[in-house]
Amino acid sequence: MDNQKIGVYVCNCGTNIKKVVDCDEVAAKALEQDGVVCAKSYKYMCSNPGQEMIIKDIKEQGLDRVVVSACSPRMHEATFRGALAKAGLNPYFLEMANIREQCSWVHVDPRAATDKASDLTRGAVRRVVHHEALEKRFVDMCPATLVIGGGITGLTAALELAESGNQVYLVEQSDRLGGNLANVDLTAPYLDSARDLIRERILRATRNPNITVFMNAKVESLDGYVGNFRARIAADGETVPVEIGSVVVATGYKPFDASRVKAFGHGTNPNVITSFEFEAMLRKGRIVTGQGRPPRYVTVIHCVGSRSEEFHPYCSRVCCMTALKYGQEIKAALPDAFVYDLYIDMHAFGKGCEDFYKQASEIRTIFMMFQKNTAPQIVAAGPKDDCEMFLRVDDKLSGEEVDIPTDLIVLMVGMEAREDSGEVARLVNISRDKDGWFIESHPKLDPVATTTDGVYIAGCCQSPKDINESVAQARAATARIMAKIAKGRIEVDAVFAEVNQDDCSGCRVCNDLCPYGAIDFDPEAKRSNVISAMCKACGACVTACPSAAIKGRHFTDEQIFAQIEGVL
Amino acid sequence: METAKKKLQIALYWGAACGGCDVAVLDTNEFILDVAALADIRLWPIAIDGKYKDVEAMEDGELDLVLFNGAVRNSENEHIAKLLRRKSKVMVAFGSCAHIGGIPGLANQVTKEEILDRAYLNNPSIEPGNRTVPLPESHVEAGSLEIPYVYKRVYKLDDIVPIDYYVPGCPPLPAQIKNVLVAVATGNLPARGSVVGAGHRTVCDDCKRTRNERKIKKFYRPWQIIQQPDTCLLEQGIVCAGSATRSGCGVRCPNSNMPCRGCYGPAPNVKDQGAKIVSAVASIVDSKDPAEIDRILEDIPDIMGYAYRFGLAASMLQRRI
Amino acid sequence: MAVQADPRLVAELETYGAQDVLKCYHCGNCTAVCPFSKEPFIFPRKSMRYLQMGLREKLKANLEPWLCYYCGECSEQCPREAEPGETMMSMRRWLTAQYDFTGISNLLYRSWWAELAGILLIALATGFGFWKFGTSVGDIHVYDGPNAFLPSSAIHAFDWTMATILGTFLLVNCVRMWWMTMGKDPRTRATPGMYVHRLGQLLLHFFTQKRYSECDKKAPWRLHIVLMLSYVTMLVLIMFFLPVVQAGPAINWWAHALGYAASAGLIVTVAMALVGRIRKSQTHYKHSHETDWIFLAMLLYVAVTGVLQHALHRLGHPYAANITYLAHLMGVVPMLVLEVPFSKWAHMCYRPLAMYFAALQIDVMEAREAGAVPETRTA
Amino acid sequence: MANGFEPKIVGFLCNWCSYTGADLAGTSRIKYATNLRVIRTMCSARIDPTFILKALLEGADGVLICGCHPGDCHYVEGNYKAMRRFPLLKRLLDAYGIENERVQLEWVSASEGRRFAEVVDRMTEQIKALGPCKVRTALDFDMAER
């Protein structure tokens, strides 16, 4: 440890870091540290010239440890590890100090920010001294995949995989395939029939010999790790164990319960229906009021349960275009009917959607804008009025409170996370956001992977989305899976916990702490052991081990102690 | 046993200690006679007479071995420790107090003033109105009398003088004492700074009780529960420090149906024994509800007493601030 | 107070020339680009909104269509091609019909064949009447002086009679306009002092269309002012100096010079407007309601026949001049009867009145605010 | 008191939630106090009570422990382990005479950049009010003078 040669690289990130942090000073201070043989400040460390600089120094100056003070390691740790590897150095001899996201971007005082950056860099230098060379591990990749959810997303994923020759276990909770889309009439904005879209896929899926469909089924348990999962599927009163390499979660969404919005009286007023109830009418080909006659005035209300403080703050994304579609479908069926469209904001961002919005105007949909967090009020009609009721709207565009004649109200119910999303999340070990949607690995760069290797999310279980987006995600997930299948074996992280058998006394404190069951106890030897392939490196056992016999690789006590000393 | 060219010169002394370590040396039974035959015991207040000036008269390094038990609590402890260090080739911190502060170390939770107050002023056994407090220096007719000066806190021995070896235990297991003496006699010693006369794992390694599932819903003090004789005490909710305590004691306490209190100090790689006990014991509490967790943990009284029964002076933070 | 929406209003306005009203999605570009859109008269977006929602009463009380001169910039900027400019135009037509108590206006705007039939009917009646009258009092071969076929004194008297009748109709409609926009709503009631104070506005806008000149595009204003001044000159000459104008055959330059200039102005501007509408050369010419064509055609016809009868008389063809004069009258009378109180011509009153009322509404608002501020604070 | 005193706070942050939340505060350019020095762990379950003692020993004026909200752990239930250890650790620290506010446990999710900034600001203010932590000076003093 005494003869280590550490290189410290302070990134300016253009001006992102430099405008607050004196990068030259950080580098100069780093150079005073024991073991640091070179310290440089550079415009963009992540750029090719930046990486080349590190590689060159490793080769020419014989660096054996590298500290990069730059952005968050969540951003570029992989980049710089790659640079180390390219220079022939074990990639784990890298440590990053986060002086952008957690320093220059959040502070304004250059003196304090520079001091903090120096402290963080010192912590990294002290830590990297204790880094050890770690080797990547490889495990076999089972080519079968478990797809949870038989909606358009799950079906697409299953077909994509099966038609490439891979075994798929498709688990559907209900007694039919097709999911929510099976309840829809036409789709926006091109007015294709949902039935056509879904039926063909169901047929192909049920006929494909590579797909085993489990109906009325549930995944009871999922163990193992990427490439080597074991699931138990409960269907028809029995439990089927399957071995799979990957999991696609495509559990979809649940329509918002409109009766929760008391003002509309859904469930008590027969002329107030949800978009899904209206779809059923459209599929039957008969639009009627609760009184059984064709409506003269139909009012479509957007954002029921969405974009509201009381219910869900997010936009459900598909309701706006669906509402416009209703204008088209109503006018086609009842040319003399008036269609009111009550919205908060019109979200018409998809391909063809702005045109579709314009078309809705052209066919004389009457648009009204109401205030967020308010609900239009139903007002009784008088005997002389030719409508069932009035809807009182505080129209934002005119500032007027307007009573609009209405026979039938269609509530555009938003999407919400299914009640069982928490259960599913625990089952496959992924996280949910505050609204219950599953969280992706990276919102921009890794939208279908999750923080659990080998588990992918696609479609509306991740967040509300359109059919095309769901299908795209299903295909993205399958592409990721097939890439792994093609390789045959997969690399797993070299970071995991290991029990030093010489130190373990078999106290078994750690045994029940592992959520992955990766700790094995040998009753003969009275020693515990971590099965490294199953370990996800949380470190719970490392911390609990009262005899410090478990080492959390890359997060050892020594490394963290050194970092504590360094930052203070 | 081979006769040395020259008899081994040894001394045994005590600092802030109870005397148990000295008794433990005697507990080696007949072996002590071998020791006497093998070595010149130059100082051992509990067994033979000896004065400071005898020690002061020795050449530096004249003693081959000093077994110093007890922590450092006052100026006398420090003085004699430094003196013996100078006169000895090998100085061993003998027993928990010298090793890690021991029971006296628990006094680091309170101030010297609080201790004096409790011991000499406000205590039910003190006659009301008695305000006698020992002073470092008293003036009497014959002149000035001095007694050792009590320090503000307790130090483990190596805070005061460099130590060559540590023999843990409260007291050290007689069998281990034998091993140490034999090792010194034969020169078969490990690297300086090592713990000798102990194992390198934890008490659990030697414990015969069976260990199964680690999930605790309730903690008990030993007298609150009827024990399963063959089952791990911790598993039964009795806070046992065995899993966080260096092995070598012979599992004396758990074998006597009492939980380990940690006298052998932390396991070799552990930096802070109490923190590890806290971490291990709390980890296996079987609840996810903060209120319930609090309730369960409340059954552990006196956390310092459990975490640092012997090791407070050697813990990271060493004392109450 | 909630107001009731009438989804049928848009369709109603469409018969007045409104187009693509529902395409508007209220981005407000039109309002942003309009040089006249200022608090409290924010248009055309708000008027579009009232119309889309079918707030009939709101629209009736609305002065804003009259504050617009249709430069067309709003329609040009509209991302939805919702034609706000043309919608404002159609609202002016609709408002004209609303102000009119007879219902004639409504009929004329909604049915071009009714208008044509009306014109034809009045023309025939006029022709027949004057023929009977001319042949009974004079000789068709005599244009001027004793025994003249259509003596200027008689025509003069007829003009004044007609002006009185039409003026009455127009006045009633103007009063109705006042009621709808100012009188009905207690919040827009101005004090007599305010009415006197702002009277200058009425005259200013009547004679100069000062506001029109403030549009970013100046050419339409120029054309309009020439046309309007030519018309007014002609009106003054005819109403007050008809005997002088008609006397001859010698040319009386002090009167005739004005007449020639006015005639030339009329013919040229009307022709330009017609060509513009045919070619759709500018935004405000893009959409032409039937009434626009009829109005321009009649104006051109009247100007041309007026000039022609004058020329024939001066050139010494009294017979031809009289026949042309009769034809001229057959155009003038229906044009004035239908246009002045019931159609396009009425805007010469409504527009300056609207400017006047708008100024008053601002006064009322300011007065109310000045008085109301402390009240709301304590409340 | 402690005029101009700028405490040093060591933060142990879970990689998946609070560390990401701290990154989010950065990408959102939310400003907060400069006193925190972050050490990343993969899970709050890895945050050993020893680390907290070590930080205090090395002169930290405060220690912030952040994990995922209960029920939302990347490692299923690692944060519950942190939750269980914390009260016992607090009792230990209390016995050591360490003020309650010096060591805090907060649940901050990956989406709570603003909350993270608020937690840091609040804690910095609390520790500024407390003044410097005396552990380091006390132990140095012990060695200099008995």
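## Cysteines without partners

A disulfide is a pair of cysteine sulfur atoms within 2.5 Å. With that cut-off in hand, let's look at this predicted model. How many disulfides does a search of the whole structure find? Over all chains, the search finds zero.

Over in chain C, C:Cys30 is in no disulfide either, and the nearest cysteine sulfur, in C:Cys24, is 6.1 Å away. C:Cys30 is buried too, with a relative accessible area of 8%.

## Two helices from two chains

Now for some helix packing. Two packed helices are described by the angle between their axes and the distance between the axes. Here, helix H11 of chain B (residues 273-283) packs with helix H2 of chain D (residues 49-57). The angle is about 145 degrees, and the axes are 8 Å apart.

Which residues make this contact? H11(B) brings B:Ala275, B:Val278 and B:Ser279, while H2(D) brings D:Pro49, D:Thr50 and D:Leu53. Sorted by kind, the residues of the contact are four nonpolar and two polar, with no charged ones.

## Which chains touch

Four pairs of chains touch, and the pair with the most contacts is chains A and D.

Other pairs stay apart. Chain B and chain C are joined by no contact, and their closest C-alpha atoms lie 49 Å apart. Chain C and chain D do not touch either, with 29 Å between their nearest C-alpha atoms.

Terms used. Residues numbered from 1 in each chain as written. Chains lettered and ligands numbered in written order. Predicted model: local features only at pLDDT ≥ 70, side-chain atom pairs only at ≥ 80, totals over all residues. Heavy atoms only, no water. Buried < 20%, exposed > 50% of the residue type's maximum accessible area, 1.4 Å probe, protein only. Axes fitted to C-alpha atoms, helices over the stretch in contact; angles between N-to-C directions. Helix = DSSP H or I, 4+ residues; strand = E, 2+ residues; numbered from the N terminus. Contact = heavy atoms within 4.5 Å. Nonpolar A, V, L, I, M, F, W, Y, C, P; charged D, E, K, R; others polar.
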